[in-house]
Amino acid sequence: MAVVKVKRPKLGFGEKIYLGALAKGFLITLKHALKSLAGKSIGADSLKSSGMGVTMQFPETRWDDQLPEYYRGAPTLVTDEQGRERCVSCQLCEFICPPKAIKIKPGEIPTDDPWAKVEKRPQEFDIDMTRCIYCGMCEEVCPEQAIYLRKDYLITGLSRAAMVHDKKKLYEIGGVRTGLVNKWNELK
Amino acid sequence: MTDIIIQLLIIVTKIVFFTFMVLLPLVPVSVYFERRFCAVIQDRVGPNRVGIPLTLLGFKKDIPILGLFQPVADGIKLLLKEDFTPSYVRTTYYWLAPALTVIPALITVCVIPFGSPISILGHQEQLLIADIGVGPLFVFAVSSLAVYGITLAGWSSNSKYPFIGGVRSTAQMISYEISLGLSIIPVLLYYGELNLGHIVQHQADHGWLLLPFWQDGKIGLPDATTALYMIPAVIAFIIFTVSIFAETNRTPFDLPECETELVGGYHTEYSSMKFALFFMGEYAAMVIGSALIVTLFLGGWSVGFGLDSWINGLHIGDFQIGGILHIGVFVAKLIAFILFFILVRWTVPRFRYDQLMKLGWVVFFEAALINVFLAALILAAPELGSAAIAIGAVLLLAVTAAVIWVAKISEPAPKALRV
């Protein structure tokens, strides 16, 4: 690369006196302010502006419908279309979980249950949301397609106990997921 | 005896009203405007949530009145914070400094005329606290005491950044005091007196200094002297306004507290209400500064265009309400000027320290000095012969050229880093 010699710019009298540039600057700032006040800032539409500047005013306006498919929100347990809870409490997610947020107490399925063949299901399944880092490893490691990261991101609570999602809560957020591999079904 | 008591009561009422119900509320108002306006400039919304906290009373929702209660919340927060005094400070001065910055700003309010005289039950009353004949001089004398607060804060904190901030502030305020004082001499020459109340009355009758387009209630072009006097008036206005920016430590001259270099400047070691006092003193100084600019150059409380005598005539029964209206006009002008302060803050980048000093000593000091003579020449012109005027003009031009030449050769040309 050749060396480019940049010359110090020669300022004219008008530039040296500075006042014209000041007035110009004020006009630019004012124009920008008026634009922002009218909600016509650049990017106001794509950023879901609330009508002033580009700021989205959170609790009233939300991103929810623009979250991408791969968004990683709260980890949840799911049931399938047959109403079976898919977790077999193999505890792989508990082992893989980097911050050790998951705690599972395995339980047996009684023999008179239609799904007795599956043998195990969680008796208790707690995810401590103050520890969870939303990494998605539990979802990746699950051999039963039972745990999924859903799009819920507003996990709040007034105490540590309230931040622990128990089994009931996890199934409640997770809901029913269809189109999964049903490997425990009878093949006639 | 009863006369004296009534007089005292009137004075106390005025002090309480103007200081604590006009000036002090203007401080949070300007903070609110600062935050909202700068948010708008930066494509944000700003504080718009804090309102009447009905949820505290068990209702479902608060009423957010455009976030107007944000300053109240800020104040409560600052009051309830821990007031921490570091172990290494010089305690007496450390405690004294915040008070020394606020009090001068609050004292200067006493010469600012807020409105035209009102009369209640035939008793005429001026709408300013102290009707003294040294108006602007008093303001300069008292407001320059604020520098002690800042210097003491910087020194007593016993820590490097506050110290540098304090020293910078001292140098800056002393430098700009000179151009501040010199720049208004043309204004005082024009009015021929220092009483701010009379100055504003004169402007109401004969047109504002920067807008002399009416005479005794009739709109019309000014005479030759007044028209020519616009030139020194505009120069004085520019120098005075910029010097006020430097005096109140506002951007682009906020070097005593520039965050990028000095953490927080002279109030780095302060917390809680002591910090709030510095904050308040700064904004009160800004309010007083714009009040002074509005009073001297932009007609103070007068509406202008010959409407003032009509407003003065308004009355309900025996009670003339014109003065109250004029207070409103004055505060509106004040807020407009504070908005200008904020616009400047978010437009002009901060000056380098040597540039600041050069601007004060080399540019404004000389410009203000020459401006005084220019103003004197224009004022004296009607009484002088044409020969005397010509000699004066030539002398003035020669002096100006000489000053510019000296300023030019005294500054070494910038050396190129690499030839």
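In this predicted model, A:I127 sits opposite A:H165, a residue of strand β5 of chain A.

- Strand β3 of chain A covers residues 120-128, and two bridges join β3(A) to β5(A) in the antiparallel sense.
- Which residue is the bridge partner of A:D128 in β5(A)? The partner is A:V164.
- β3(A) also pairs with β2(A), again in the antiparallel sense, and here there are seven bridges.
- Look for A:E108 as well: its bridge partner in β3(A) is A:K120.
- Put together, these strands of chain A form an open sheet of three, in the order β2-β3-β5, with antiparallel pairing.
- The edges of this sheet are β2 (102-108) and β5 (164-165) of chain A, each of which pairs on one side only.

**Helices to find in chain A**

- Helix α5 of chain A, residues 167-174, lies across β3 and β5 of chain A.
- What angle does α5(A) make with β3(A)? The helix runs at about 85° to that strand.
- Helix α2 of chain A takes in residues 19-37, which is 19 residues.
- From its first C-alpha to its last, α2(A) reaches 27 Å, close to the 27 Å expected at 1.5 Å a residue.
- Just after α2(A) comes A:G39, which has a positive phi of about 75°.
- Here is a handy rule for looking at any helix: an α-helix has 3.6 residues a turn, so residues three or four places apart point the same way.

**Chain A as a whole**

- Chain A contains five helices and five strands.
- Starting at the N terminus, the elements of chain A follow the order α-α-β-α-β-β-α-β-β-α.
- Why is chain A described as more spread out than a compact globule? Its radius of gyration is 28 Å, well over the 16 Å that the globule rule gives for 188 residues, so the chain is more spread out than such a globule.
- Along the principal axes, the C-alpha trace of chain A spans about 95 × 50 × 40 Å.
- The domain assignment divides chain A into domain 1 (19-60) and domain 2 (67-174).
- Taken over C-alpha atoms, the centres of domain 1 and domain 2 of chain A are 45 Å apart.

- Chain B has 15 helices and six strands.
- The radius of gyration of chain B is 24 Å, close to the 22 Å that the globule rule gives for 419 residues, so chain B is as compact as a globular protein of that length.
- Taken along the principal axes, a box of roughly 80 × 80 × 50 Å holds the C-alpha atoms of chain B.
- The contact between the chains draws on 17 residues of chain A and 10 residues of chain B.
- On the side of chain B that touches chain A, seven residues are nonpolar, one is polar and two are charged.

Note on methods. Residues are numbered from 1 along each chain as its sequence is written. Chains are lettered from A and ligands numbered from 1 in the order in which they are written. This is a predicted model: local features need pLDDT of at least 70, side-chain atom pairs count only at pLDDT 80 or more; totals for chains, interfaces and linings use all residues. Two strands pair if DSSP finds at least two bridges between them. Helices (H or I, at least four residues) and strands (E, at least two) are DSSP runs, numbered from the N terminus. Two residues are in contact if their C-beta atoms, placed from the backbone, lie within 7 Å. Axes are lines fitted to C-alpha atoms, for helices over the stretch in contact, and angles run from 0 to 180 degrees between N-to-C directions. Ala, Val, Leu, Ile, Met, Phe, Trp, Tyr, Cys and Pro count as nonpolar, Asp, Glu, Lys and Arg as charged, and the others, Gly among them, as polar. Domain bounds come from an automatic or database domain assignment. The expected span of a helix is 1.5 Å times one less than its number of residues. The radius of gyration is taken over C-alpha atoms; the globule rule is 2.2 Å times the number of residues to the power 0.38.
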